[in-house]
Amino acid sequence: MATVLLHIRESIQTTLLVFTTHLWRMVRTRRTLVMLMAAAVPSLPILATAGRSVPLHAPVMNVTWFLAMQVMLPLIALIGGAAVIAEEIMDRTITWVFVRPVSRIAFFTGRLLAAQVQVAAVVTAMVGGLFVSAEMTTGKVADGPTTYEVIAPVLPISVLGGLAYVTIFAAIGAWVKRPLAVGVGYAFTMEALLANLPGTTAELSVLHHLRSLLIAEPTGDLWEKLEVAAGTLWIPYGEAVSSLLWTCGIAFVLGCWIVRRKQYGLSV
Amino acid sequence: MSGPIIIANGLARWYGQVLGLNRVDLEIRGGITGLIGPNGAGKSTLVKLVTGQIRPSTGKIAVLGQTPFANRRLLARIGYCPTDDALYEDMSARTFLEYSMRLQGLARTDARTTTTKVLETVELTDAADRPVRGYSKGMRQRVKLAQSIAHEPELLVADEPLAGLDPLARRLVGRILQETRARGAHVLLSSHVLHEVEPLTDRIVLLNHGRILGQGSVAEMRDLLVHHPRKVVVRAHRPRALACRLLQEEFVVSAALDPDGARLHVETVDLDLFLERLPTWVCDTSCGVLSLESPDASLEAVFDYMVT
């Protein structure tokens with residue numbers, strides 16, 4: 001029992017060491033800049049509507065539903081998540097870790113947590129950008145929802161979606177040689193296809209869960225009008241949150257298993 | 001440990017269709033052991049197997065009595081200096097070494113103390129707080145070596161630690177390896193240049209095409225190599241006269257002139273004796289030597305002899 005506790009304590013210490021060391025390193029990379037640029041993209045079409053006579057929620061909700069959630073969120077998570085292990089392999093620095101007496105799982109967890117914090121921060125900036133740009137536009141309707149009412153629920157949902165995507169892409173990055181290519185294929189082909197299929201098949205995608213969470217919000221009827229596919233079955237709020245957390249957990253366990261087994265000495 | 005520190009039985013490793021190591025049986029005892037072979041001989045594969053970065057395709061390997069792959073208990077007792085020049089470019093040497101020592105399991109204060117000490121050992125204290133990206137090849141090599149010796153491992157595995165270093169840096173690395181040996185640790189030193197390793201090693205293992213060509217003390221390996229004729233190319237003012245003189249010696253196998261008569265190609269079974277006596281022959285025959293080179297000085301050429 002004492003040995004197990006000691007092992008757990010060591011693993012937690014390693015996780016914290018890796019997390020604190022690599023978070024600051026990740027934040028200072030060019031990758032963060034690219035992620036921030038991607039996060040700024042959804043604000044641009046909203047700003048383009050400034051001065052035009054359109055209801056507030058129309059551009060903001062369209063941009064959030066189609067561009068932010070469907071394109072930019074997985075893209076930002078892909079850039080951050082794929083790098084968790086792949087960056088160390090590409091830089092050939094993974095050797096320094098795996099010839100040390102450290103738990104591979106603790107190392108993966110530390111880097112993953114750092115990537116999750118980084119992605120959560122960038123996603124927050126993206127949603128913040130949506131809010132600011134919406135506030136800057138002049139179009140308003142008297143009986144429509146306020147900017148805050150539209151944007152506020154998007155933040156926790158996007159962050160949760162970002163965490164799920166990051167964990168999936170981290171597992172992919174630990175497994176394949178070209179995680180960005182595989183990740184793009186997953187995010188923009190499989191996810192997009194599954195999320196837009198009618199019936200319960202859509203439940204296999206992260207995106208469908210995120211949309212379901214938006215639909216469950218007080219402004220849900222406005223979001224639902226954006227959905228063009230007929231016969232979409234939305235997932236209840238609690239079930240969607242639970243599924244996303246399970247997705248995170250399964251992807252994390254899978255990533256740990258891969259990292260523990262894989263011979264990274266072949267890749268460097 | 002009085003027994004072998006590394007034991008391999010039928011050890012093989014393939015990379016797809018490419019053979020890295022071919023059914024190697026090996027016993028490496030304590031001290032400094034040189035792992036010698038040309039590029040592609042299988043040295044790095046063996047080093048990766050020893051340091052637990054990869055698993056064998058077939059066969060077994062035991063290092064300090066344990067299976068190495070991802071074995072944390074064993075890795076705590078090993079230091080590894082890779083051939084790769086990859087470092088965390090944004091970190092300073094001090095940060096990198098402290099981080100490495102923390103990963104090794106040292107507490108923060110101990111990691112700091114150890115880092116300061118090892119930076120002095122590798123003579124990097126002055127540059128310790130600069131980012132590694134601005135370091136020269138020699139400085140980077142010293143950082144790599146520092147992280148491998150800082151925790152005073154029982155076994156130090158150094159993959160090409162002398163590659164690309166200037167003479168001063170080589171001397172420093174040589175001194176560090178000798179000091180490591182002196183404190184009772186074992187060293188496995190990989191290199192493709194025999195004469196680099198020779199002054200440092202007690203024993204050498206010759207590898208080529210994934211196979212072990214020979215292993216033993218430096219003297220034993222020398223004896224093994226001596227039986228093969230070595231080539232020497234001499235440019236002299238009177239090459240014919242020199243050739244006539246050389247052919248009188250028993251240890252000179254052949255002496256042939258270039259078609260244009262400019263260079264003399266000599267084969268000798270005792271290169272050391274040949275080089276020792278050459279000045280006398282040059283004086284005897286009054287033929288000034290313009291240049292002297294031995295194309296066999298490279299290990300690849302010696303391996304060619306041994307393979308054929």
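In the predicted model, Gly34(B) stands opposite Leu189(B) in strand 7 of chain B. This position belongs to the pairing of strand 3 (residues 32–36) of chain B with strand 7 of chain B, which is parallel and extends over five bridges. Strand 7 of chain B (residues 186–191) also pairs with strand 6 (residues 155–159) of chain B, in the parallel sense and over five bridges. Within strand 7 of chain B, Val187(B) is the bridge partner of Leu156(B), and Ser190(B) lies opposite Asp159(B). Strand 6, helix 6 (residues 167–182) and strand 7 of chain B together make a right-handed β-α-β unit.

Six of the six residues of strand 7 of chain B are buried, so the strand is largely enclosed by the rest of the structure. His186(B), Leu188(B) and Ser190(B) point one way from this strand, while Val187(B), Leu189(B) and Ser191(B) point the other way.

The open sheet of chain B consists of six strands in the order 5-6-7-3-8-9, with mixed pairing. Strand 5 (78–81) and strand 9 (211–217) of chain B each have a single partner strand and stand at the edges, so one side of each lacks a neighbour in the sheet. From one strand to the next, the twist averages 15°.

Helix 5 (residues 137–149) of chain B lies across strands 5 and 6 of chain B and runs at about 170° to strand 5. Arg140(B), located in helix 5 of chain B, is buried because its relative accessible area is 9%, under the 20% cut-off. Beyond its neighbours within four places in sequence, Arg140(B) is in contact with residues including Asp85(B), Glu89(B) and Tyr135(B).

Notes: Residues are numbered from 1 along each chain as its sequence is written. Chains are lettered from A and ligands numbered from 1 in the order in which they are written. This is a predicted model: local features need pLDDT of at least 70, side-chain atom pairs count only at pLDDT 80 or more; totals for chains, interfaces and linings use all residues. Side-chain values use heavy atoms; hydrogens and water are left out. Two strands pair if DSSP finds at least two bridges between them. Helices (H or I, at least four residues) and strands (E, at least two) are DSSP runs, numbered from the N terminus. Axes are lines fitted to C-alpha atoms, for helices over the stretch in contact, and angles run from 0 to 180 degrees between N-to-C directions. Contact means heavy atoms within 4.5 Å. Buried means under 20% relative accessible area, exposed over 50%, partly exposed in between (1.4 Å probe, protein chains only). A crossover is right-handed if, with the strands pointing away from the viewer, the path from the first strand over the helix to the second runs clockwise.
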